[in-house]
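Please look at the sequence and the structure shown below, and keep both at hand while reading. The report that follows goes through the structure part by part.

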Amino acid sequence: MEKYVASKAILNALLSGRHLSQLDSKEFMVEDMRTPISHMRDKFKDTHVLKYKWIRTPLRKTLIKEYWLERREQA
């Protein structure tokens, strides 16, 4: 059985087109989504651009970032 690696699962989710935020931390079994996302920038920097927008959480209306990847334009 393959060991679960949160950063690999997060990267795969982003590459598949998902938008992720702190609201997804339980799904990926991490305390903070910002750290794994910031540490993986080198894994996609040649092919994708990391984008984000500020969103509000449903209950507390706290501002958090929602992240996604967009394919980099080929020159």
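## An aromatic cluster

In this predicted model, Y52 counts as partly exposed because its relative accessibility is 44%, a value that falls between the limits of 20% and 50%. W54, at 51% relative accessibility, counts as exposed, whereas Y67, at 8%, counts as buried. Ring pairs link Y52, W54 and Y67 into a cluster.

How many aromatic pairs are there? The count comes to two. In the pair formed by Y52 and W54, the ring centres are 6.4 Å apart and the planes stand at 90°, so this pair is edge-to-face. The rings of Y52 and Y67 also have their centres 6.4 Å apart, but their planes are at 50°, so this pair is tilted. Y52 lies in strand β2 (residues 48–56) while Y67 lies in strand β3 (residues 63–71), so the pair ties together parts that are 15 residues apart in sequence.

## The overall plan

The secondary structure of the protein comes to three helices and three strands, and, read from the N terminus on, these elements run α-β-α-α-β-β. Along its principal axes the C-alpha trace spans about 45 × 35 × 20 Å. Of the 75 residues in the protein, 33% are buried. Among the contacts with a separation of 6 or more, residues 24 or more positions apart account for 42%.

After α1 comes G17, whose phi is positive, near 105°.

In soluble globular proteins, nonpolar side chains tend to be buried together. The largest nonpolar core here has 15 residues, and those with the most contacts inside this core are I10, L14, L20, F28, M33 and I37. Which elements give two or more residues to this core? They are α1 and β3, and the largest share, five residues, comes from α1. M33 touches I10, L20 and F28, and also S21, Q22, D24 and S25, when residues up to four places away in sequence are not counted.

## The loop between β1 and α2

Several residues described here belong to one loop. E27 lies in the loop between β1 (20–21) and α2 (34–39), and S25 has its place in the loop between β1 and α2 as well. Are these residues buried or exposed? With a relative accessible area of 44%, E27 is partly exposed, whereas S25, at 11% relative accessibility, counts as buried. S25 touches V30, E31 and M33, not counting residues up to four places away in sequence.

Leaving out residues up to four places away in sequence, E27 touches Y4 and R18, and a polar contact of 2.8 Å joins the side chains of E27 and R18. E27 and F44, by contrast, are 17 residues apart in sequence and 22 Å apart in space, C-alpha to C-alpha.

M29 has a positive phi of about 55° although it is not a glycine. This residue, M29, also lies in the loop between β1 and α2, and at 61% relative accessibility M29 counts as exposed.

K61 likewise has a positive phi, of about 60°, although it is not a glycine. Where is K61 placed? K61 is in the loop between β2 and β3, and with a relative accessible area of 49% K61 is partly exposed.

Methods. Residues numbered from 1 in each chain as written. Predicted model: local features only at pLDDT ≥ 70, side-chain atom pairs only at ≥ 80, totals over all residues. Heavy atoms only, no water. Phe/Tyr/Trp six-rings, centres within 6.5 Å; stacked < 30°, edge-to-face > 60°. Buried < 20%, exposed > 50% of the residue type's maximum accessible area, 1.4 Å probe, protein only. Helix = DSSP H or I, 4+ residues; strand = E, 2+ residues; numbered from the N terminus. Contact = heavy atoms within 4.5 Å. Polar contact = N/O pair within 3.5 Å; in protein donor to acceptor, adjacent residues only side chain to side chain. Core = buried A, V, L, I, M, F, W, Y, C linked by side-chain atoms within 4.5 Å.
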